[in-house]
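I opened this notebook to record what I looked up in a structure that was new to me. The entries follow the order in which I consulted it.

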Amino acid sequence: MQRPPALPLSLVVSGFRTPLHRFGIVSRAAQTLGITYADSFKTAFDDLGATSRALAAARGPAELVAVQAAYLNRAGARATARSAAAGDMILGLTGAFLRPKAALDGAPRPGSAQT
């Protein structure tokens, strides 16, 4: 007895191509996210070093507060940009990860209307 074409094939029948493809999508996204965070942290540590040198060279309390406020503004902007980039990456990952197998192959899905 043959299955009707509208039913999805099981993992045993379709093989391991789909799970491996999904793992590839996730691993590439994790690598990109890791690179983004590492770059952001490197920039933050460089900025922290420059800020500490500026604090050591400060001559008065007003200058100390100005240097600290500028650092906090830069750190907040970096965190906001990093969070937005991570959110966009994760949103794109879910779209690619949840796409049906037939859409990955470029073939029409079984049971879909073809006009």
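The entries below go from the whole chain to single residues and pairs.

**Entry 1. The model as a whole**

I note at the outset that this is a predicted model. I looked up the secondary structure and found four helices and zero strands. Along the sequence, the pattern reads α-α-α-α. I then turned to burial: of the 115 residues in the protein, 16% are buried. The protein exposes about 8,500 Å², and carbon and sulfur atoms supply 67% of that area. I also looked up the contacts with a separation of 6 or more, and 63% of them are between residues 24 or more positions apart.

**Entry 2. Salt bridges**

How many salt bridges does the structure hold? I found three.

I began with Asp46, which forms a salt bridge with Lys42. The closest N and O atoms of this pair are 3.0 Å apart. Both residues lie in helix H2, and because they are four residues apart, about one helical turn separates them.

I next recorded the salt bridge between the side chains of Arg74 and Asp47, at 2.9 Å from N to O. This pair links distant parts of the chain, with Arg74 in helix H3 and Asp47 in helix H2, 27 residues apart. Arg74 is partly exposed, with a relative accessible area of 35%. Asp47, at 12% relative accessibility, counts as buried because that value is under 20%.

The side chains of Asp47 and Arg78 also meet in a salt bridge, with 3.1 Å from N to O. Here too distant parts of the chain are linked: Asp47 belongs to helix H2 and Arg78 to helix H3, 31 residues apart. I noted that Asp47 and Arg78 are both buried. Taken together, Asp47, Arg74 and Arg78 are linked in a network of salt bridges.

**Entry 3. Arg78 and Ser40**

I wished to know more about the surroundings of Arg78. This residue lies in helix H3, which covers residues 61-97. Its relative accessible area is 17%, so Arg78 is buried. Which residues are in contact with Arg78, leaving aside its neighbours within four places in sequence? I listed Ser40, Thr43, Ala44, Asp47 and Tyr71.

I followed up Ser40 from that list. Ser40 has its place in helix H2. At 10% relative accessibility, Ser40 counts as buried. When neighbours within four places in sequence are left aside, Ser40 is in contact with Arg78 and Arg82.

**Entry 4. The aromatic pair**

I searched the whole structure for aromatic pairs and found one. The ring centres of Tyr37 and Phe41 are 5.9 Å apart and the ring planes stand at 65°, so the pair is edge-to-face. For the reasoning, I recall that planes over 60 degrees apart count as edge-to-face. Tyr37 and Phe41 both lie in helix H2, four residues apart, which is about one turn of the helix. I looked up the exposure of each ring-bearing residue in turn. Tyr37 counts as partly exposed at 29% relative accessibility, and Phe41 likewise counts as partly exposed, at 40%.

I then asked of one member: is Phe45 buried or exposed? Phe45 is exposed, because its relative accessible area of 59% is over 50%. Phe45 lies in helix H2, which runs over residues 17-57.

**Entry 5. Thr94 and Ile25**

Thr94 is found in helix H3 and, at 36% relative accessibility, counts as partly exposed. I looked up the separation of the C-alpha atoms of Thr94 and Ile25, and it is 9.7 Å. Along the chain, Thr94 and Ile25 are 69 residues apart.

How values were computed. Residues are numbered from 1 along each chain as its sequence is written. This is a predicted model: local features need pLDDT of at least 70, side-chain atom pairs count only at pLDDT 80 or more; totals for chains, interfaces and linings use all residues. Side-chain values use heavy atoms; hydrogens and water are left out. Helices (H or I, at least four residues) and strands (E, at least two) are DSSP runs, numbered from the N terminus. Buried means under 20% relative accessible area, exposed over 50%, partly exposed in between (1.4 Å probe, protein chains only). Contact means heavy atoms within 4.5 Å. Rings of Phe, Tyr and Trp (its six-membered ring) pair if their centres lie within 6.5 Å; planes under 30 degrees apart count as stacked, over 60 as edge-to-face and the rest as tilted. A salt bridge is a side-chain nitrogen of Lys or Arg within 4 Å of a carboxyl oxygen of Asp or Glu. Accessible areas come from the Shrake-Rupley method with a 1.4 Å probe; for residues, only the protein chains shown count as cover.
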